[in-house]
Amino acid sequence: MAAKQTLTIKDDFKTDIGILYDHFYDLRKYGQLHPYMKEVKLVSDNSPEFIEYEVCEELKLLGFIKYCPNYKVKVFEKNKHQHIVYTSEVKKGVFLTINLYFNENSQVIHFREDIDVSGNPIIVSVFLQIVKHAYNKLYHSMKQNLCR
């Protein structure tokens with residue numbers, strides 16, 4: 001039985017829209033700030049349709065079980081400086097779609113990320129807990145490195 005869960009993350013960034021957007025659109029730059037991504041390689045650039053990357057992560061499940069997932073991600077630019085989509089089968093039978101929205105207002109970028117995960121209900125639940133933890137660290141890192 002497959003389940004689908006959605007997690008929405010919102011944050012504000014005081015930085016240049018081009019800098020922030022570029023760090024989400026170029027997954028190699030994104031991976032440099034992501035706490036679990038150890039390597040991000042460009043697989044194919046089929047612009048303007050999509051760009052595909054291979055991602056190698058390293059994390060600890062339950063705080064001590066080393067887990068090193070490897071998966072491919074397609075990045076779609078839907079509307080420059082406004083909307084990016086990531087799609088991936090992060091694990092066999094576990095599908096991820098992330099919609100990233102950027103809205104600039106008075107030199108503040110209002111950012112929203114809608115993360116949809118479908119697959120085995122237990123794996124989906126564990127996966128979203130890992131995502132929440134990673135994104136707290138990621139946004140903190142982005143604010144330290146990219147913001148004024």
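User: Which residues do the ring pairs link into a cluster?
Analyst: Phe 13, Tyr 21, Phe 24, Tyr 25, Tyr 30, Tyr 86, Phe 102, Phe 111, Tyr 135 and Tyr 139 are linked by ring pairs into a cluster. Rings of Phe, Tyr and Trp (its six-membered ring) pair if their centres lie within 6.5 Å; planes under 30 degrees apart count as stacked, over 60 as edge-to-face and the rest as tilted. The model is predicted: local features need pLDDT of at least 70, side-chain atom pairs count only at pLDDT 80 or more, and totals for chains, interfaces and linings use all residues. Residues are numbered from 1 along each chain as its sequence is written, and side-chain values use heavy atoms, with hydrogens and water left out.

User: How many aromatic pairs are there by this rule?
Analyst: The count comes to 12 aromatic pairs. One of them joins Tyr 21 and Tyr 25 in a stacked arrangement, 6.1 Å centre to centre with 20° between the planes.

User: Where do Tyr 21 and Tyr 25 sit?
Analyst: Both belong to helix 1 (residues 17-25), and because they are four residues apart there, about one helical turn separates them. Helices (H or I, at least four residues) and strands (E, at least two) are DSSP runs, numbered from the N terminus. Tyr 21 is buried at 2% relative accessibility, and Tyr 25 is buried at 19%. Buried means under 20% relative accessible area, exposed over 50%, and partly exposed in between (1.4 Å probe, protein chains only).

User: What about Tyr 135 and Tyr 139?
Analyst: Tyr 135 and Tyr 139 form an edge-to-face pair, 5.9 Å centre to centre with 80° between the planes. They are four residues apart in helix 3, so about one helical turn separates them. Tyr 135 has a relative accessible area of 6% and Tyr 139 one of 5%.

User: Which residues touch the most other members of the largest nonpolar core?
Analyst: Phe 24, Tyr 86, Phe 102 and Met 142 do, in a core of 44 residues. Helix 3 (residues 121-146) supplies the largest share of this core, 10 residues. A nonpolar core is a set of buried Ala, Val, Leu, Ile, Met, Phe, Trp, Tyr and Cys residues joined through side-chain atoms within 4.5 Å.

User: Which charged end sits over the ring of Phe 50?
Analyst: That of Lys 74, 4.6 Å from the ring centre. Lys 143 lies over the face of Phe 13, at 5.4 Å from the ring centre. A charge sits over a ring if NZ of Lys or CZ of Arg is within 6 Å of the ring centre and within 35 degrees of the ring normal.

User: Changing topic: is Asp 116 buried or exposed?
Analyst: Asp 116 is buried, with a relative accessible area of 17%. The residue is found in strand 9 (residues 108-119). Nine of the 12 residues of strand 9 are buried, so the strand is largely enclosed by the rest of the structure.

User: What does the side chain of Asp 116 make a polar contact with?
Analyst: The partner is the side chain of Thr 6, at 2.5 Å. A polar contact is a pair of N or O atoms within 3.5 Å; within protein, one must be able to donate a hydrogen and the other to accept it, and residues adjacent in sequence count only if both atoms are side-chain atoms. The C-alpha atoms of Asp 116 and Thr 6 are separated by 4.4 Å, although the residues are 110 apart along the chain.

User: How many bridges join strand 1 to strand 9?
Analyst: Strand 1 (residues 3-13) runs antiparallel to strand 9, with 11 bridges. Strand 8 (residues 94-105) is also antiparallel to strand 9 and joined by 11 bridges, and Thr 97 has Asp 116 as its bridge partner. Two strands pair if DSSP finds at least two bridges between them.
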